[in-house]
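This report describes the architecture of the structure shown below.

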Amino acid sequence: MIKSQNLVKEYGSFRAVDKVSFELRKGDILGFLGPNGAGKSTTMKMITGFLPPTSGTASVGGHDIQSHPIEAKRLLGYLPESGPLYQEMTVLEFLKFAGEIRGMDTGARDKALTRVMEICHLENVRHQTIETLSKGFRQRVGMAQAVLHDPSYLVMDEPTDGLDPNQKQEVRKLIASMASDKAIILSTHILEEVEAMCNRVIIIARGRVLVDETPADLLKRHPRHNAVRLVLQSGGPDAVRETLDRIPQVGKVEALGNGWLIHPKHGEVIKPRVWEAARAGNWPVESLENAPLRLEEVFRELTLAPDAKPEKTKPSQKKSREKVEAA
Amino acid sequence: MKSVISIFKREFLGYFRSPVAYVFLAVFLIASAGLPWFVGGFFESNEAGLDRFFIFLPWVFLFLIPAVGMRLWSEEKRSGTWELLFTMPVSVTQAVVAKFLAGWAFVSLAIVLTLPMPITIAYLGEPDWGPVISGYFGAILMAGAYLGVCSLASSMTKNQVISFVISVVFCLLLVLLGWSVFNELMLSLNLPVALVDALANFSFVTHFESMVKGLIRVKDLFFFFSLTAFCLCLNILVLER
């Protein structure tokens, strides 16, 4: 379990991370989202023991990262942001070094080397120095280093940053394949990644946790959550709007091209209601579908609002959301 | 212990992964042999001793050891690899000691490569081996103390040039305090002899000179070891923030 309790990091009078708390169990993939400078990397650096927190604690697998750093770090794999590596070493030399420094014996290390070189597709560049590799390969070397000792806890700072779409896909697959027996934290700017891989999202802005929930719950915050789009063939009846307005669960109805965007009043599922109305009125329906939702829009709304309501949800403990005043 | 060895190996071999090591070794050997031959009148002196070789070493070290030490931590900080290093299961102390030892081993290798000098005097005359051996021993200890200063300077900045300059300035100070010319200057300013002597005791040169003469005194050993240890402790504190 990775546990972060009220982590705070201050640089002078600037609070980069402000009381970040969460717990992560094996099997969890936590997506760490937030605008640049929100405190994602700083939080990760504190959890991995690179930066000492101003206050608060973090522990990995029950070992406090401050008082028992070596034990905690043994359980961790970490891919730092923009993958710093010893450029003058070859891939093989570097990975051997990573294995040695983690105290693996030669037999286990060589087995692990073969395994990670295969899953990260590094066999062909094993004797190349890292400085001659492309960004995608470097990122994979960083990844190989992080998973070499098959750690139970994996922290990755923007693992897909700078990769081309194919490589991104591959890295995502790789992460997803490791998920079952590990607790993974990854930070990213790309929200579709979170939707694709993570079963938990933390949105952090100005150093504070705004949201901690599942991607599905996060989508519920979308203004168009459960809204439907109804498109009619031309020559439909005029009374559509009035009929729609009369359905009790329906809230706002917007005209959209030759169709309508229908919002539910309190977020309930309204598709069947609309469908019933359409059949009863014998409307020439061309399509009826859920309005497309994008996590991006939720993200923008949560992080851009000038007086963003930093609100903390602990779905497991409290259902009611305690509102905290923005500082 | 295993992690210390692996960092040591990485760091030591790292010197040879780039041309730096070869350039350094060439320049060091040329300077350390060239100065006594062409400036110090090594050959003309007609003495089967290495005093004239050793006397230049503090000055050669002054520029070349900062060149070795400047990358120890600055490079890690600049490229961000210290983040990798310090999230691996190693303590700061282990990392500092391992890297220092690697640099020291490399400089010691350079010193050992000057062995053709004693071989030359052995061929030409009959040297007194005691001072030669104690001189080499002293040179290696002194190199460690220089490198301690440089490692500390290197941990304070991510810019290798700044690290080099700081190292040279500190080392220069530690050389000057014991340099006879500088001591006479201080005496001519009517500073008390006791003070000048006390200051000279902080110098590499003072302690190294006695070893060149063949004396291995506890206070000289203590000086080199304590200076090195002091710098490395500060180095650890700097990195632990």
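At what angle do helix H3(A) and helix H4 (residues 106-119) of chain A pack, and how far apart are their axes? In this predicted model, H3(A) and H4(A) pack at an angle of about 135°, and their axes are 10 Å apart. The crossing of H3(A) past H4(A) is right-handed. On the H3(A) side the residues involved are A:Leu95, A:Lys96 and A:Gly99, which meet A:Arg109, A:Ala112, A:Leu113 and A:Val116 in H4(A). Sorted by class, this contact has four nonpolar, one polar and two charged residues.

Helix H3 (residues 91-101) of chain A also packs with helix H5 (residues 135-147) of chain A; their axes come within 9 Å and cross at roughly 25°. Because of that angle, H3(A) is roughly parallel to H5(A). The crossing of H3(A) and H5(A) is right-handed. H3(A) contributes A:Val91, A:Phe94, A:Leu95 and A:Ala98 to the contact, while H5(A) contributes A:Val141, A:Ala144 and A:Gln145. The class count for the contact of H3(A) with H5(A) is six nonpolar, one polar and no charged residues.

| H3(A) and H4(A) | about 135° | 10 Å | four nonpolar, one polar, two charged |

**The six-stranded sheet**

Chain A contains an open sheet of six strands, ordered E6-E7-E8-E3-E9-E10, with mixed pairing. Its edges are strand E6 (76-79) and strand E10 (208-213) of chain A, each of which pairs on one side only. From one strand to the next, the twist averages 15°. E6(A) and strand E7 (residues 153-157) of chain A run parallel and are joined by four bridges. Within this pairing, A:Leu76 has A:Tyr153 of E7(A) as its bridge partner.

Two helices are placed against these strands. H5(A) lies across E6 and E7 of chain A and runs at about 170° to E6(A). Helix H11 (residues 295-304) of chain A packs on the sheet and touches strand E3 (29-33), strand E9 (200-205) and E10 of chain A. The direction of H11(A) makes about 35° with that of E9(A).

**The four-stranded sheet**

Chain A also has an open sheet of four strands in the order E2-E1-E4-E5, with antiparallel pairing. Strand E2 (14-24) and strand E5 (63-64) of chain A each have a single partner strand, so one side of each is left without a neighbour in the sheet. Strand E1 (residues 2-11) of chain A pairs with E2(A) in the antiparallel sense over seven bridges. In that pairing A:Tyr11 stands opposite A:Phe14 in E2(A). The hairpin of E1(A) and E2(A) has two residues between the strands, and A:Gly12 takes a positive phi near 60° there.

E1(A) is also joined to E4(A) by five bridges, and these two strands run antiparallel.

**Domains and the contact between chains**

According to the domain assignment, chain A has domain 1 (2-75 + 151-220 + 300-312) and domain 2 (228-290). The C-alpha centres of domain 1 and domain 2 of chain A lie 41 Å apart.

Between the chains, 20 residues of chain B are in contact with 21 residues of chain A. On the side of chain B that touches chain A, helix H1 (2-17) and helix H6 (81-85) of chain B each supply at least two residues. H1(B) gives the largest share of that side, seven residues. By class, the side of chain B that touches chain A has six nonpolar, nine polar and five charged residues.

Methods: Residues numbered from 1 in each chain as written. Chains lettered and ligands numbered in written order. Predicted model: local features only at pLDDT ≥ 70, side-chain atom pairs only at ≥ 80, totals over all residues. Domains from an automatic or database assignment. Axes fitted to C-alpha atoms, helices over the stretch in contact; angles between N-to-C directions. Parallel < 35°, antiparallel > 145°, perpendicular 65-115°, else oblique. Left-handed = near helix turned anticlockwise from the far one by under 90°. Contact = placed C-beta atoms within 7 Å. Nonpolar A, V, L, I, M, F, W, Y, C, P; charged D, E, K, R; others polar. Pairing = 2+ DSSP bridges.
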